[in-house]
Amino acid sequence: DLAYAARTDITVEEARRVAVLKSGRYSIEEPLAIGAALAGAPEDFLVRLAEFGHPLGEAFQLRDDLLGTFGDRSHVGKPVDSDVIEGKRNVLYAFAAASTAGEEREFLRARWGGDALTEAEIGRLRSLLESSGARAATEALLEERVAVARDRLDALAPGAEERDALEELVYLATARLA
């Protein structure tokens, strides 16, 4: 996250890597592994659990990024413009930077981040995320990562109780109000 903070040319793949490393692993993947290891799960199960947790962790961070820009302040629990003000080079930003040109791209790069942003500028940046297709692309990527996690959940073949708990985790991690 810090390594890319000053760059305006971050790619979607780089932003995705940040999403996984920034939050996906320590919020989803690693806690699952710790719990399963403490319960005495065999190594092959831990591998399959990580294969499930990895895309779910990325989807969790993508939802968090969407909420951090477009969420309802009363539901999110943090300012919904904090990622924009902090200049987070997240997937939303990377998709927008890749699909805008000219004056729009220059505005995005120049104004993404900074305490001096006006409400009008934040609104314009949000509009650019919409009109560039960045929001839709991020939502689509999130849904794709959820689908991969669900496919991998099938490979875990846990009992009904465990499967229900992991399905609930998928829902709680990715279906929060945006």
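Which residues have the most contacts inside the largest nonpolar core? Hold that thought for a moment, everyone.

A word on the model: this is a predicted one, where local features need pLDDT of at least 70, side-chain atom pairs count only at pLDDT 80 or more, and totals for chains, interfaces and linings use all residues. Residues are numbered from 1 along each chain as its sequence is written, and side-chain values use heavy atoms, with hydrogens and water left out.

The protein has 9 helices and 0 strands; both kinds of element are DSSP runs, with helices being H or I of at least four residues and strands E of at least two, numbered from the N terminus. Its C-alpha trace spans about 55 × 30 × 25 Å along the principal axes. Of the 178 residues, 42% count as buried, meaning under 20% relative accessible area with a 1.4 Å probe, protein chains only.

Now, back to that core. It holds 40 residues, and the ones with the most contacts inside it are Phe 52, Leu 56, Leu 108, Trp 112, Leu 125 and Leu 129. By nonpolar core I mean a set of buried Ala, Val, Leu, Ile, Met, Phe, Trp, Tyr and Cys residues joined through side-chain atoms within 4.5 Å. Helices α1, α2, α5, α6, α7, α8 and α9 each supply at least two of its residues, and α2 gives the most, with 9.

Let's zoom in on Leu 129. Leaving aside residues up to four places away in sequence, Leu 129 touches Thr 69, Phe 70, Leu 92, Tyr 93, Ala 96, Trp 112, Ala 134 and Arg 135, where contact means heavy atoms within 4.5 Å.

Terms used:
Buried < 20%, exposed > 50% of the residue type's maximum accessible area, 1.4 Å probe, protein only.
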